[in-house]
Amino acid sequence: MDKTNLIFLVLTILVVGFLAYSQGAFDGFSDISTFSETGVDPYFITYIFYMVVVAAVSIYVYRLRKQIDEMHGMMIGMTFGMVTGLITATLFLIPTGNFLYGVIIGSIIGLLFGIPFGKLGGHLGIMEGTIAGPMGGMMGAMLGQMVRPFNIEIFIPFFTFIFLITMIGIIYVVNCRV
């Protein structure tokens, strides 16, 4: 992949990340009653923005899958499983408070991303993705439960920043390997 496409991908991730942040800043994450008034949950919209970034990075990684070695494949499977489980469970649990469903949904989404991307790393990569998916779901549920009583306007920008750094890190690692 040439440098122009790589720069375009990173800029797209930053723009979508800014949209996720600004959507929360303007709609107010701490006011959970916004969902009942408007019919649109701000956490769901933020989750969609996050998943668009994950999809863009996934397409980039998938296009370069033939040039990725076993160790990089294991790291990609672990990162995708952990991050998708973490963001799913966290953003599900903050507005609902349902810990059990947060763990289940986060773990399933983590497995759905961790196992296929773990295949890039062979059998050990599949095992990494299988372990990281439920671990991300459980950690996301715990994080969402602990953050609920605190200031969400501070947490969501921090969470978005960490998420974007992780996605840009995956792009960097794959690009350096290729």
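Which residues of the largest nonpolar core touch the most other members? They are Val57, Val61, Phe80, Phe163, Met167 and Val174, out of 31 residues in that core. The model is predicted. The protein has 178 residues, and 44% of them count as buried.

**Fold**
- The protein contains seven helices and zero strands.
- Read from the N terminus, the order of elements is α-α-α-α-α-α-α.
- For contacts between residues at least 6 apart in sequence, 79% join residues at least 24 apart.

**Nonpolar core**
- The largest nonpolar core holds 31 residues.
- At least two residues of this core come from each of α3 (42-63), α4 (70-96), α5 (99-118) and α7 (152-177).
- Helix α7 supplies the largest share of the core, 10 residues.

**Surface**
- The accessible surface of the protein is about 9,200 Å².
- Carbon and sulfur atoms account for 74% of that surface.
- A nonpolar patch on the surface is formed by Phe99, Met127, Ile131, Met135, Met138, Met139, Met142 and Met146.
- Together, these patch residues have about 740 Å² of accessible area.
- Helix α6 (residues 122-147) gives the most to the patch, with seven residues.

**Ile131**
- Ile131, one of the patch residues, is found in helix α6.
- Its relative accessible area is 46%, so Ile131 counts as partly exposed.

Terms used
Residues are numbered from 1 along each chain as its sequence is written. This is a predicted model: local features need pLDDT of at least 70, side-chain atom pairs count only at pLDDT 80 or more; totals for chains, interfaces and linings use all residues. Side-chain values use heavy atoms; hydrogens and water are left out. Helices (H or I, at least four residues) and strands (E, at least two) are DSSP runs, numbered from the N terminus. Buried means under 20% relative accessible area, exposed over 50%, partly exposed in between (1.4 Å probe, protein chains only). Contact means heavy atoms within 4.5 Å. Accessible areas come from the Shrake-Rupley method with a 1.4 Å probe; for residues, only the protein chains shown count as cover. Patches are made of residues with over 30% relative accessible area and no salt bridge: like charges are joined within 9 Å, nonpolar side chains (Val, Leu, Ile, Met, Phe, Trp, Tyr) within 5 Å. A salt bridge is a side-chain nitrogen of Lys or Arg within 4 Å of a carboxyl oxygen of Asp or Glu. A nonpolar core is a set of buried Ala, Val, Leu, Ile, Met, Phe, Trp, Tyr and Cys residues joined through side-chain atoms within 4.5 Å.
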